[in-house]
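Q: I have just opened this one and would like a walk through a few of its features. Could you take me through it?

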Amino acid sequence: ELDNCIGRKFEIHFPRKAKPEVVASEAREINLRCGYSPLLVKYEGREIGYVRVSERSTTIDHRKGVQIREWGWLFNPDGSTTHLEHDMFLATDLSFERWENRLYVLPPAQGTAPRQLLIDIENAIREGNQLGVAYLPRPNSLEKRDKLISVEKSYASAALNVLLPRLLDLSRPAVYAFSSYKSERRGLILRTLEVLGPARIQVDGQDVSAFKIEDSEGLIAPKTEIYADRSGKLLRVVVDRLEMMPATAHDIELRYGKKVAEAQDLFKKLQPQPPSPPPSTPGAESGTPPGRRPQSPAPRTPRSTGRR
């Protein structure tokens, strides 16, 4: 399903008053990453897993837009295993979005004690300036809660944040500030994106030209360092002790294919009872919370970790 790339280009339409100054016009066409784009993840210089990203232009609820999916596995130094799924959709005119975040964590084994898989789910629909969010108050909760948030004109969705390096002029130093939803706060934060201009970095032992961006909450640490080429393609991402860099699907399959298959089998055996939706989630239909896919909460992706 992730490989079903319908369109390789996406045209985004900024409302005149919401258009970043550096974007030349209200309509901007960008290239999408079709198929899988794997990113190898390192912690303190040690490989711990990967995240892969897929983008496609599509239509949802009669709205044309872009769908971005992130799917990854992390085998952490403390012995725990993390699986993440992020599914985002943004309409071309920015007036509508829907997303779902799923986080699965299997803590390390503690002697003979039974292991418990922890699942956290959050999903939302935004139409205009109303963002309706449904979430679990704690992992494995049997009921969801919901929250309605009025967003500001400066609001930027998670999907737009992914696309911004391809929308901005990276050769021109500038600072951009906007509001964004943060799951840990169940609300909006001030987010800043600072374009710092040209930089030199090491990629596969080669010294290459790049453009540096710093992404942060306000202007405080920790700041995420993003290095991209002129087109906005990611070359390296660094935040605190974590680092991500592009890899090939073949390399990811060789490194993690067997490990992920074993983790998927274990996760399926340990999955808890799925939660019930909140009674009055904004945008819910027939008891289904916004963005919720009617599947089991166990990881649903194919066993292949990298093949297209």
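A: Strand 8 and strand 9 form a hairpin with two residues between them, and G128 in the turn has a positive phi of about 70°. This is a predicted model, in which local features need pLDDT of at least 70 and side-chain atom pairs count only at pLDDT 80 or more, while totals for chains, interfaces and linings use all residues. Residues are numbered from 1 along each chain as its sequence is written, and side-chain values use heavy atoms, with hydrogens and water left out.

Q: In which sense do strand 8 and strand 9 pair?

A: Strand 8 (residues 118-127) pairs with strand 9 in the antiparallel sense over six bridges, where pairing requires that DSSP finds at least two bridges between the strands. N123 has A134 in strand 9 as its bridge partner.

Q: And what joins strand 9 to strand 10?

A: Six bridges do, and the two strands run antiparallel; the bridge partner of Q130 in strand 10 is S150.

Q: How many residues of strand 9 are buried?

A: Five of the six are buried, so strand 9 is largely enclosed by the rest of the structure; buried means under 20% relative accessible area, with a 1.4 Å probe and protein chains only.

Q: Switching topic, is R69 buried or exposed?

A: R69, which lies in strand 5 (residues 63-75), is buried, with a relative accessible area of 15%. The side chains of R69 and D87 are joined by a polar contact of 3.1 Å.

Note on methods
Helices (H or I, at least four residues) and strands (E, at least two) are DSSP runs, numbered from the N terminus. Buried means under 20% relative accessible area, exposed over 50%, partly exposed in between (1.4 Å probe, protein chains only). A polar contact is a pair of N or O atoms within 3.5 Å; within protein, one must be able to donate a hydrogen and the other to accept it, and residues adjacent in sequence count only if both atoms are side-chain atoms.
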